[in-house]
Amino acid sequence: GLCYCILSMKNSIIAIYLPDSKNFINQFLGLYYSVVFKTNLHEKFDFLVSGPSSIKDKIPTDHCHFVEVEDLSANPKLCYRYSGNSYGYVNSFIPFVDDKCKEILSKYEYCLRLDVDTFVCPGLNDIQCAKDEIVVGNAAYSSETARIRLPQILAQLNLADQNIHNIGSTWYGSTDNMITYGALTIDYVKYFLENHFSEHEGSWPQWYGGVILLYAGHLALNSSPLKINKTDKLDYYSTSDNEVTDYYTLHCWHTDAFFSKHWYMNDRYKDRESVPTSLKCNEYSYDCITKGVEEL
């Protein structure tokens, strides 16, 4: 149909998993607003939104493919061995292993993978990525312990090691590479749950089961032949006073400084007006989520 033709002319797609939770849906509406209304990035990017059937009517239809998926973290191999609790974060990589998702992704040359608590900036139009490269943001998982253990694990598994730490959760690359290394990341999540967090979760920030997905991505990309291009233009701080013009995406980190997703979730900004014209990262973030939630 016509809708599909309009969707398929673009060369890039943003892949996400969206649980049926008010907070996550609000964050997605902020992300969507940043792509479709705050910038002209909808001319380049569509969305692939994967999730339970119950979210289908809660998300916009323009520029969006929706794929209903099962909860991947219900798989016993993706649960903590000692407690049986599911490792829910792994769901955010579902688009790279679900057949329907992969069929849609493969119609696009490039793919951007990000957490839903992210907003895009106009500069994302300028992102470049060669076939043998992956562009990633910054994270904060590389504690003293992790800097020792991750290289040891790569060595034990006889894997190559590019020794690039703190690889962010936002990845951009050719769709083929994203599917390959996204699927591999899930394999390494299983490996960590079985071999390194089989008795307890450890403690943040030293060696912590809550960030297994980031450790798994570290293994997948560091052992790959891809050139890892790490940039602070991705996953930049939603709390910054800097102007958005210098960045590709803004990410909501755990913080009490403005803009904080936690303060937003707890209605602690309800008396604050958004400033649509502001280019400051923090005001821009707040405007995206308030307008996205109000208008969509």
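Predicted model: local features only at pLDDT ≥ 70, side-chain atom pairs only at ≥ 80, totals over all residues.

Residues are numbered from 1 along each chain as its sequence is written, and side-chain values use heavy atoms, with hydrogens and water left out. Helices (H or I, at least four residues) and strands (E, at least two) are DSSP runs numbered from the N terminus, and two strands pair if DSSP finds at least two bridges between them.

**The seven-stranded sheet**

- An open sheet of 7 strands, with mixed pairing, runs in the order β3-β2-β1-β4-β7-β6-β10.
- Its edges are β3 (64–68) and β10 (227–230), each of which has a single partner strand, so one side of each is left without a neighbour in the sheet.
- From one strand to the next the twist averages 25 degrees, where angles run from 0 to 180 degrees between N-to-C directions and axes are lines fitted to C-alpha atoms, for helices over the stretch in contact.
- Strand β2 (residues 45–51) pairs with β3 in the parallel sense over 5 bridges, and V49 stands opposite F66 in β3.
- Helix α2 (residues 22–36) packs on this sheet and touches β1 (12–17), β2 and β3, its direction making about 165 degrees with that of β2; contact here means heavy atoms within 4.5 Å.
- α5 also packs on the sheet, touching β4 (110–113), β6 (133–138) and β7 (167–174), and its direction makes about 140 degrees with that of β7.

**The three-stranded sheet**

- A open sheet of 3 strands, again with mixed pairing, has the order β5-β12-β11, and its edge strands β5 (118–120) and β11 (236–237) each pair on one side only.
- β11 pairs with strand β12 (residues 249–251) in the parallel sense over 2 bridges, and the bridge partner of Y237 in β12 is H251.
- Helix α8 (residues 281–295) lies across β5, β11 and β12, running at about 100 degrees to β5.

**Helix α4**

- Helix α4 (residues 144–156) has 13 residues and reaches 19 Å from its first C-alpha to its last, close to the 18 Å expected at 1.5 Å a residue, the expected span being 1.5 Å times one less than the number of residues.
- In α4, T145, A146, L150, I153 and L154 are buried, that is, under 20% relative accessible area, whereas exposed means over 50% and partly exposed lies in between (1.4 Å probe, protein chains only).

**Serine 278**

- S278, in the loop between α7 (261–265) and α8, counts as buried at 13% relative accessibility.
- Not counting residues up to four places away in sequence, S278 touches E283 and Y284.

**Backbone geometry**

- Most residues other than glycine have a negative phi, and most peptide bonds are trans.
- A cis peptide bond with omega of about 5 degrees joins W204 and P205, and another cis bond, with omega of about 5 degrees, joins F258 and F259.
- N163, in the loop between α4 and β7, has a positive phi of about 60 degrees although it is not a glycine.
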